[in-house]
Amino acid sequence: MVYGGKPSTGCYLCRKRKIKCDEALPGCRNCSVYGRPCPGYRPDTIFRNETHKVERLMRKRSITPTDSQRSSRRTSISHSSPELPLMPPQVVDSTWEERAVCHFFDQFTIAGDDCLNHLGFLPSLYATCRNSSQDGSVSSCLRLATEATALITLSNHMKAPPLLLKARGYYGMALHELQRLLDTRSQAIKDETFATMVILSIFEDIAGERNGLHSSHTKGLGLLMRMRGESQLSNAQGRDLFICAYVHTLIESIVLRTRHRHGNTELIVEQLDGSEPVPRLMLTATKIGQLFAESSSYQGLLDRDSITQLTTWIETGSLLALEMANWSHHLPDHWLPLVVYTATGGSLMTYQNASIAAIWTYYRAARISLEWHLLDLRQTLASLVDDNEACDIHRDATLEEIQEMTTDTCRSIPFSLGDIDAFGKAIPTSAEGRPPIRALYGYLMQWPLWYVLTCGMGTAAQMEQIRSALARVGSVLGIKLALMLAQQESISQHAAALTPNLYRSVPSAG
């Protein structure tokens, strides 16, 4: 008996297809995606019986056949070949599409998380669509969109341009079929159609191909959410799809200060369970977006007749700021951040898991955005009533709060990017320098981090830390939109150009 070494612990089929196995029990996720029974796993330690192998080698060395014997042996074998046992069938290696889909599901889908579900239903839905898809159907459209996004994800991961070309081809076909499906209401409101548009919006961000910083799919997502109505919350799949699409568009409207045109979708959000942290945060963020839309689209003259309107907006914003503060005060204990200290005496923030860390990053960015807006409103009101003293008091408190939110965001980055664990201990990266986190968490962080960066309220070291984090999300995790955000020159001026304000700007606070 000899020790055979430590082999791969993945299932037999994943090892044969050379794809990553999640080693789930009773069967792995990859096998369930492709509708095949998982063949199981081999033990960590394998002892091979080498006795018979050694005996055969010794006999072979002691009896060396002559050329005539070899010739006669080949002749006898050729005549008796029908009696020889058949060779075992060879398992065909996986295609690039199969490898890419498994990689994409591993990096961008989460199921069973207590805090965050992101397209957790997609693997099973994709398997159903792949087995039943016909050209021009909703199943075919979802399959093409999934494989396009999967291929570009793997292309960025492996730095493989040929996969990028194939991904663009699939993307074009999926987009063409999606446009045809949207012409028929019965096809447009199906989960497969809605999921296709969500996945194509992710493709756009991974490829870094937005029109400026605005998504070309935002209007389409808003349209489908309105068409699907409250019935989409009646099942887990529809609810997860709605939350994913709504958050995708809401954060864009808040960060870029665009008008939130989703009609009755705010009424749909109100049907969510407000006792849970994520829906409760969505409800408050929706109100913030409504305040931004109303005040930014105000067409009246900013004179003394506008004092009542400005006062109303300030009161509404103050109540929302209190609501945001209360959100963090009424969380379960396992949601609260933990402060850990480094060897140099600095402090960092860690969380129970990366999902909670991502939600806190969203929370801080939304809170900073609200405080900035209130500061603008108060500054404008002070100029009308000639009461700068009261404005200065609020201004100092607001800037202090924004700086605190910025610092906490920066202290959370090492954990959010997988550099440290929940206890503050360093986590080694892979041989390729990749952090031990899913790309999804970097995808969720990019917009909040960019907005905190545009505010410019941190120190030079903090701003560089955020810019470096965005660059890592783009280059290491393969999300090109984050790389674009990190490479913006004069980023604060660029943000000001993207977020026009009717009110006069607040002087720089350094």
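I looked up Ile-413 and noted that Ile-413 counts as buried because its relative accessibility is 5%, where buried means under 20% relative accessible area, exposed over 50% and partly exposed in between, with a 1.4 Å probe and protein chains only. The model is a predicted one, in which local features need pLDDT of at least 70 and side-chain atom pairs count only at pLDDT 80 or more, while totals for chains, interfaces and linings use all residues. I kept in mind that residues are numbered from 1 along each chain as its sequence is written, and that side-chain values use heavy atoms, with hydrogens and water left out.

I then found Ile-413 in helix H17; helices (H or I, at least four residues) and strands (E, at least two) are DSSP runs numbered from the N terminus.

Which residues is Ile-413 in contact with, leaving aside its neighbours within four places in sequence? I listed Leu-449, Gln-465, Ile-466 and Ala-469, taking contact to mean heavy atoms within 4.5 Å. I also noted that Met-349 lies 64 residues from Ile-413 in sequence, with 8.2 Å between their C-alpha atoms.

Next I turned to Glu-389, which also has its place in helix H17 (residues 388-416). Glu-389 counts as exposed because its relative accessibility is 62%.

Finally I looked at the protein chain as a whole, where I counted 21 helices and 4 strands. Of its 510 residues, 49% count as buried. Among the contacts in the protein chain with a separation of 6 or more, I noted that 70% come from residues 24 or more positions apart.
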